[in-house]
Amino acid sequence: MRITVALVADTFREAFARKIFWGLFGLSTLMILFFLFIMKIDIIEGAVATISLFGQQSPRQWEVGRLVRQVQSSIAVFLYTWGMALAVFASSGLIPSVLEPGRIELLLSKPVRRWHIITGRYVGNALVVGLNIAYLVLGVWSILGWKTGLWPKAFLFTILFTLFIFAVLLAVVVLIGVIFESPALATMVTVALMILSPILAQKNVMERLLSSEWSRNIWRGLYWALPKVYDVGRMTQDYVFDRTVENYAPLWSSAAFAAVVIALAVLIFSRRDF
Amino acid sequence: MSSADFAIETEDLTKVFRSLVRRREVRAVDGISLRVERGLSFGLLGPNGAGKTTFVKMLLSATHPTAGVAKLFGVPAQSPRARLPIGYLPENHRFPTYFTGVGMLDFYAALSGVGRRTRKRRIPELLEQVGLAGWGDVRIGKYSKGMLQRLGLAQALMNSPELLILDEPSDGVDPMGRIHIREILRELEAKGVTIFINSHLLGEVEALCREVAIVHRGKVILRGAVKDLTAGKGYRLTAVNPPEGLLEDFRRRSAGFEVADGRATFQFPNREAANRAVDELRAAGCEIESLVPTSHTLEEVFVKTLADQS
């Protein structure tokens, strides 16, 4: 445990020193301030006044509630796209920096197993981003709740879903980092997976359009093998809107992808000579 | 002697680097079998590219051997347990510059399994010992090369190691700093710590180590006690104004000779020859200024050994 704490704390220290943490924190704060500003505009002030006037029984409450969920859904989508891309970009250098000659030898000379170094770094990195996601979501949730009196807890699931999908993509960043030690390549591959995800998610449409069985199988194979950023994003929206989620397969198949990728990264790291 | 009596024990340790693209093989370490007893100060010497650093990296499991076995205190080197009693200072280290001196020592000591309370006590002690008291709260990005080297040494000592592996320990350190580091290492040796130095500075190794091994092209080509390797060359005799007759005679009998400012210096291969010369000079009424035993320097041994190989 002492070693894990030391490795996680070191990741935080580096994230602070490289201004990664503060960069994400600053952007989240800007987003929260932007929301505070938006809540002052007339249409929302009007909606809030209406709900205050008619109280909990008002038929307008449904409209305000819908507006709140729309706003929360927009936040979730923002986190999924730009927020995630920024987080991946910010995290891409944290693995290659550990592998620098003169630094890695010293780490490996300590009585620490190699998998511990990788997973400690991975957990630390996920926590750096996770804290910022939690800060942003809780900030927006509090502002909306304070202004509207509505506190739908479902929005808080955005923290878990976003952190989950970031952890899945971070596994790719770690793998590329361990093999190629290139932050740029790690970002490119991970963002490519994000872009590919909504395309692959159209598998029902594509199965009708593709003429041969083998091309349909390739499409299906890619869909199931790669992380389902888009589908998990849709699930998050379903949660925010209190809609029933019937299919959790994108969640577990993405988790399986992350587990395999991290295991591969650990295996390659364990066998490497430094 | 059991395996645990040796701080370092390798058997046929080999590392071959293979290039998949060019299909080339480089045998960096070629079947090195080496035993370093507990408490010994040992120097590993060799020209650039001899395989010294690869050998050290295999001891620390940073590089995996192609063949052979490496053990530290009887424990296979690939086990993390083997690295518990070890302090290591790498060559060309790159400590993260976001650390302060204290933060850096704390982090690496925590990874070495040192408890929080011990770390708190050891850090100021060691900063004082390496001459960095007052610098603990400064970011190490502001440290000079010599200061980083001292901090690196403190880092290697945080877990009170039984085996200290130092790769070019006084690289970038000024002469006073070198003397200071040498004193620290001597104190550690006196306490029974095994010291393994990998260095190009032969004078430093000669001053610090009791045994050395010379590595060339991945193999150990010479190993022995420093005093044995450097001893037994002969005697240098200096006399004031020796008579011309003896001068000519000694010129023929000595291994080397030099005359300057009325003083003649002769090099004799052994004690008997030197004593006979002293007797003859004294009988001729000549004053002896000095008679000193001479030895090879480690540098001479090193150069000669490598020259013999090539």
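**Figure 1. Polar contacts between chain A and chain B in the predicted model.** Between chain A and chain B, 20 residue pairs are in polar contact, with both residues of each pair at pLDDT 80 or more; the coordinates shown here and in the following views come from a predicted model.

Figure 2. Three salt bridges are found across the interface of chain A and chain B. One joins the side chains of B:Lys57 and A:Glu105, with an N to O distance of 3.4 Å.

Figure 3. Chain A contains twelve helices and zero strands, and its C-alpha trace spans about 70 × 55 × 30 Å along the principal axes. Over all chains the structure holds 30 salt bridges. In the pair shown here, the side chains of A:Arg103 and A:Glu14 meet at 3.0 Å, N to O. This pair links distant parts of the chain, since A:Arg103 lies in the loop between helix H4 (60–91) and H5 of chain A, whereas A:Glu14 belongs to helix H1 of chain A, 89 residues apart. Side chains of opposite charge can pair in this way when their charged atoms come close.

**Figure 4. The six-stranded sheet of chain B.** Six strands of chain B form an open sheet with mixed pairing, in the order E6-E7-E8-E3-E9-E10. Strand E6 (86–89) and strand E10 (219–225) of chain B stand at the edges and have a single partner strand each, so one side of each is left without a neighbour in the sheet. From one strand to the next, the twist averages 15°. E6(B) and strand E7 (residues 163–167) of chain B run parallel and are joined by four bridges; within this part of the sheet, B:Tyr88 has B:Ile165 of E7(B) as its bridge partner.

**Figure 5. Helices packed on the six-stranded sheet of chain B.** Helix H1 (residues 52–59) of chain B lies across strand E3 (41–45), E6, E7, strand E8 (194–198) and strand E9 (211–216) of chain B, and runs at about 145° to E8(B). Helix H10 (residues 298–309) of chain B also packs on the sheet, where it touches E3, E9 and E10 of chain B and has a direction that makes about 30° with that of E9(B).

**Figure 6. The hairpin of E1 and E2 in chain B.** Strand E1 (residues 6–19) and strand E2 (residues 24–37) of chain B pair in the antiparallel sense over ten bridges. Along this pairing, B:Phe17 has B:Val26 of E2(B) as its bridge partner. Four residues lie between the strands of the hairpin, in which B:Arg23 takes a positive phi near 55°.

Figure 7. Four strands of chain B form an open sheet with antiparallel pairing, in the order E12-E13-E11-E14. Strand E12 (256–260) and strand E14 (287–294) of chain B stand at the edges, each with a single partner strand, so one side of each has no neighbour in the sheet. The twist averages 15° from one strand to the next. Strand E11 (residues 234–240) of chain B pairs with E14(B) in the antiparallel sense over seven bridges, and B:Ala239 has B:Ile288 of E14(B) as its bridge partner. Helix H8 (residues 244–253) of chain B packs on the sheet and touches E12 and strand E13 (263–268) of chain B, with a direction that makes about 30° with that of E13(B). Helix H9 (residues 271–283) of chain B lies across E11, E13 and E14 of chain B and runs at about 10° to E11(B).

Key:
Residues are numbered from 1 along each chain as its sequence is written. Chains are lettered from A and ligands numbered from 1 in the order in which they are written. Side-chain values use heavy atoms; hydrogens and water are left out. A salt bridge is a side-chain nitrogen of Lys or Arg within 4 Å of a carboxyl oxygen of Asp or Glu. A polar contact is a pair of N or O atoms within 3.5 Å; within protein, one must be able to donate a hydrogen and the other to accept it, and residues adjacent in sequence count only if both atoms are side-chain atoms. Two strands pair if DSSP finds at least two bridges between them. Helices (H or I, at least four residues) and strands (E, at least two) are DSSP runs, numbered from the N terminus. Axes are lines fitted to C-alpha atoms, for helices over the stretch in contact, and angles run from 0 to 180 degrees between N-to-C directions. Contact means heavy atoms within 4.5 Å.
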